[in-house]
Amino acid sequence: MSHISTVTPTFAELALNPKLLEALAQQGYTTPTPIQAQAIPVLLGGRDLLGLAQTGTGKTAAFLLPILHRLAANPRPAPPRCANVLILAPTRELASQIDQSIAAYGQNLGMSHTVVFGGVSQFHQVRAMSRGVDFLVATPGRLLDLTGQGHIDLGATHILVLDEADQMLDMGFVKPIRQAVAMMPTDRQTLLFSATMPPAIATLAASLLRNPERVEITPPATTVARIGQSVMFTDAQNKLTLLQMLVKSKDVTRAMVFTLTKSTANKVADALTAAGQPAEAIHGNKSQGQRERALAGFKSGAVRVLVATDLASRGIDVDDVSHVFNFDMPNIAESYVHRIGRTARAGRDGLAVSLCEPEHRAWLAAIERTIGQKVPVMMDHPYHSEAARLSTMKPPVMGGGGNRGGNRGGPSQGRGRR
Ligand code: AMP
């Protein structure tokens, strides 16, 4: 890959369909991101791909552009209930965003696309699939519901994309994924993207991909390097007041606040709103409509602060997040990288501030091992707790509270251990 990494080509030099180039120009994109520069030529050639990249690297366009290009070059009308391309994603938010990206990049190509996910009526999803589509974006559970009922037929799907595969495995989707794949032709192009490569992903990739090209973008280091990080040691009962103080700063133009639990997310959003800082919470207990409204308000700027649990935040793609606040430290070191990566997107700088209470001191240590650096400590605030800073307390064991499954939950399971 060294021949492409020295000089970044333009999209035009990647020989993409002119209609795609027009759509890209309309988005204001001229230069491919590193994952796009590496993946697009491979995918245009029809190869399978194993992509190690997380959200924020431009991976969605990295797979959509070449797929759109190839479908436009070889149009095949999908039979009723069939899809030419199946894209599997872990959450409805990510699935919806991919569907919107297909609409944006494919706007001049007249491709049909639809998205199916759980939590809403299947009526419109079934109707959209009845005539067949070029692109189907789906979460695995609902996909299997609909194939089981005979509303979706995967027999004509010749391109499969698994996006955020590690997250899908954590959510227990490995069986539905394998069941879906078993319904597809073996003669297909398969792409698998994952932010991390635990053994379970390597096994899945080995069984699904054929002679894949591997492209690896390591944003943890580069992204982390662009983010101004700090940690504030404080006691649990002061965290809310401290957060309110921090969020008030005029430098905070758009902030994401992370909590470990849904109830804390609600509590924090309510407290901020009551204190005159309108905030919305987004988590798995909210209805699809509530989640969409909260996200739309955050994107439009009507709501400056979005409070989220780790799972709900995955794949949320909002630019210009000036600050990430870890109201609760994450109990999984990699979640820290995912969380703070919500800021400093698309080459911008960002700030990430973590509030660390005594009981979570050991989690911070695990995070520092994973990112390979110490998080600078900020003591110049009214709620500093020296006891928290010096605490050697073992953290409480988390029982998979974040839906991450027992296989990865644990503060000591840093990257180096796997
Ligand atoms: P993703 O990693 O797919 O979630 O994309 C991260 C963000 O980068 C999204 O807001 C994209 O719209 C944006 N983006 C994707 N490709 C490019 C590009 N070549 N130049 C600038 N921004 C891009």
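Let me start with a term: a salt bridge here is a side-chain nitrogen of Lys or Arg within 4 Å of a carboxyl oxygen of Asp or Glu. Hi everyone, and please keep in mind that what you see above is a predicted model. With that rule, the count for this structure comes to twelve salt bridges. I'll walk you through a few of them, and then we'll visit the ligand.

First stop, helix H7, which covers residues 140-148. Arg142 pairs there with Asp145, and their closest N and O atoms are 4.0 Å apart. The two residues sit three positions apart in the helix, about one turn.

Lys239 and Asp328 meet through their side chains in a salt bridge, at 2.7 Å from N to O. Lys239 belongs to helix H12 (residues 239-248), while Asp328 is in the loop between strand S12 (323-326) and helix H16 (333-340), so to speak a link between distant parts of the chain, 89 residues apart. Lys239 and Asp328 are both buried.

Arg339, in helix H16, is joined to Asp310, in helix H15 (residues 310-313), and 29 residues separate them. Their side chains form a salt bridge with an N to O distance of 2.7 Å. Arg339 has a relative accessible area of 1%, so it is buried, and Asp310, at 13%, counts as buried too. There is also a network: Lys59, Asp163 and Glu164 are joined by salt bridges that share partners.

Now to the ligand. Which residues are closest to the ligand? In a surrounding group of 15 residues, the closest are Tyr29, Gln36, Gly56, Gly58 and Thr60. That shell contains three nonpolar, eight polar and four charged residues. Domain 1 (12-217) and domain 2 (227-390) each supply at least three residues to the shell.

Let's look at some individual contacts. Gln36 places a polar side-chain atom 2.8 Å from a nitrogen atom of the ligand. The backbone takes part as well: a polar backbone atom of Thr57 is 3.0 Å from an oxygen atom of the ligand, and for Gly58 a polar backbone atom is 2.6 Å from a ligand oxygen. On its own the ligand has 500 Å² of accessible area, and the protein covers 85% of that.

Technical notes: Residues numbered from 1 in each chain as written. Predicted model: local features only at pLDDT ≥ 70, side-chain atom pairs only at ≥ 80, totals over all residues. Heavy atoms only, no water. Near = heavy atom within 4 Å. Polar contact = N/O pair within 3.5 Å; in protein donor to acceptor, adjacent residues only side chain to side chain. Areas by Shrake-Rupley, 256 points an atom, 1.4 Å probe, with all protein chains shown as cover. Nonpolar A, V, L, I, M, F, W, Y, C, P; charged D, E, K, R; others polar. Domains from an automatic or database assignment. Helix = DSSP H or I, 4+ residues; strand = E, 2+ residues; numbered from the N terminus. Buried < 20%, exposed > 50% of the residue type's maximum accessible area, 1.4 Å probe, protein only.
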